[in-house]
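Here's a quick walk through a two-chain model, with the cut-offs spelled out as we go. Have the viewer open and follow along.

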Amino acid sequence: MSALLEVRGVRKSYGDRVVLDDVSLDVAAHDVICLIGSSGSGKSTLLRCIDLLEDIDDGVIRFDGSEISDPRVDPREVRRQIGMVFQAYNLFPHLSVLDNCTLSPRRVHGLSKREAEDRARDLLATFGLSDHVDKHPDRLSGGQQQRVALVRALCTRPALLLLDEITAALDPELIGEVLTIVRQLAERGTTMVLATHEMSFAREVATSVCFLSEGRILEQGPPAEIFSNPREERTRQFLRRVLPS
Amino acid sequence: MSTVWAPSEREQERRRIRRRQRARSVLIATLVTVGVFVGLGVAVTGSPGWPSVQELFFNGFHARESFDAVLEGFWINVKLFLICQPVILVLALGVALARTARSAWLVPVRLLAALYTDVFRGIPTILLVILLAFGVPALRLEGLPTDRLFWAGVALVLSYGAYVAEVFRSGIDSIHPSQIASAEALALSRAQTMRHVVVPQAVRRVVPPLLNDFVSLQKDTALVAAAGVFDAVFAARDYGNFNFNYTPLVVVAGFFVVMTVPLARLTDWLQRRYAERERAGAR
């Protein structure tokens, strides 16, 4: 089976600073790939490059068999099929929760107002947000906002979901409610690539874990292997720092 | 990959494609721009009344003849603008601060400030110029200047002060309450909070609309002509009435454009710079 997403030798630099260096990654349907590594290791940049929010400086990215890193590809066509959730939620403060969730389905995917709202209400209910449908985002807690942001991404039924450290801005007691959703998605077979600092969560849901260091994927493997028996010295150092002994 | 990186075949081809795409958009931009301007030119010069309009408004001889008088008058507009602008800034910031004051003692000041903005924003500037320039000297009060130019300037200051005060106030209101909270948490007084935290951020935020108002003020210095002050517009009208040719008005328009364009470009530049600095990397 060919991979849903294929990243080959991707390089990205800002001026002289090389942020991604020869990064390759395969994501098959129903995979859950966790990117771990210290801040500045290139996790977020990789996700942004996949969503074509940044132009890459070399390498190839293929999605569903066709190259999307070609300048002639319309990024919007690609993003119709990829969902992204950001660390700072990035909900639109002037729209209600429901309008946040129906914006793209109605304007981009051509759903009728009714269809889009039904779909959004369904998903919001699934994730325990029924009471907040008509509120504006600023009225919600951080955890609720991030759950809305996840629902907003899911409302377009993406084939691939990119999650960029979605719990990094949350209080510890709110992290759980967001991770529960991601866990449910993983169980349902949603294909995801997520950058995360939640090691125990990565160990639990990931089909594969990538350790990034200085813009390179230093090591990749099933979570059991990476967390219990890392091959690289730098992975070991990193895990010693972040894992409670 | 410890060796020096060299772009791959694929990347080089991508760069060629990007270059082609850029060249294409430059070509389109050029063609569209030239097309639009040529079209506009043809439409204007091809109109049936163009020859007489050209004679009346775009006459080279009259442009040269009136140039010196217009230039001399324009100097008054420039002086008026340069003097009014700083006064307006100070007055407007004072009014805005008065309107945002929360102290119980300052309630009358706050009401006065609100009354001032309501009244002076409501009166058309040209009426204010005429009322003040002719009305105040007619009071024949001892010690007050009777110069019409002076009172026309006061009218501009009062009118624009009200507008600019509102611009400042919107800037002050736009600063997030958390900023005030953190300043108060550092035990700063209300006045210190405004002086060191709120106003500096607010001013930065409203610089583009402020400059916009000043471009507008530059042009509105022409309103003093209504009070019979011999500025550029008055000089042009004077020449026109005498020689039955309105080319000097176009000359004045040219002067104003030359004066306002630099300020407009400065506005664009400042706006871009703030956007780049404060939103660096925040996409």
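## A bent helix in chain B

Helix H3 of chain B, residues 60-100, bends by about 45 degrees at Phe67(B). That bend is the angle between axes fitted to the seven residues ending there and the seven starting there. Helices (H or I, at least four residues) and strands (E, at least two) are DSSP runs, numbered from the N terminus.

At its N-terminal end, H3(B) is capped by Asn59(B), with a side-chain oxygen 2.9 Å from the backbone nitrogen of Phe61(B).

## Ground rules

This is a predicted model, and local features need pLDDT of at least 70, while side-chain atom pairs count only at pLDDT 80 or more; totals for chains, interfaces and linings use all residues. Residues are numbered from 1 along each chain as its sequence is written, chains are lettered from A and ligands numbered from 1 in the order in which they are written, and side-chain values use heavy atoms, leaving out hydrogens and water.

## Where the chains meet

The contact (heavy atoms within 4.5 Å) draws 14 residues from chain B and 17 residues from chain A. Together the two chains bury about 1,400 Å², 37% of it on carbon and sulfur atoms. Buried area here is the accessible area (1.4 Å probe) that two parts lose on being put together, summed over both.

Three salt bridges cross the interface of chain B and chain A; the rule wants a side-chain nitrogen of Lys or Arg within 4 Å of a carboxyl oxygen of Asp or Glu. On the side of chain B that touches chain A, the residues split into five nonpolar, two polar and seven charged. The classes are Ala, Val, Leu, Ile, Met, Phe, Trp, Tyr, Cys and Pro as nonpolar, Asp, Glu, Lys and Arg as charged, and the others, Gly among them, as polar.

## Glu67(A) and its arginines

Glu67(A) pairs with Arg14(B) in a salt bridge at 3.2 Å, N to O. Glu67(A) also meets Arg10(B) in a salt bridge, at 2.8 Å, N to O. Arg10(B) sits in helix H1 (residues 9-45) of chain B and Glu67(A) in strand S5 (residues 66-67) of chain A, so this pair joins two chains.

An unreviewed UniProt entry puts "domain: ABC transporter" at residues 5-239 of chain A. UniProt positions follow the numbering used here, feature names are shortened, and annotations may be inferred rather than shown by experiment. In the model, that span is 37% helix and 25% strand.

For chain B, an unreviewed UniProt entry lists "transmembrane region" spans including residues 74-98 and 246-264. Residues 74-98 of chain B are 100% helix, with end C-alpha atoms 36 Å apart. Residues 246-264 of chain B are 95% helix, with end C-alpha atoms 27 Å apart.

Notes:
Polar contact = N/O pair within 3.5 Å; in protein donor to acceptor, adjacent residues only side chain to side chain.
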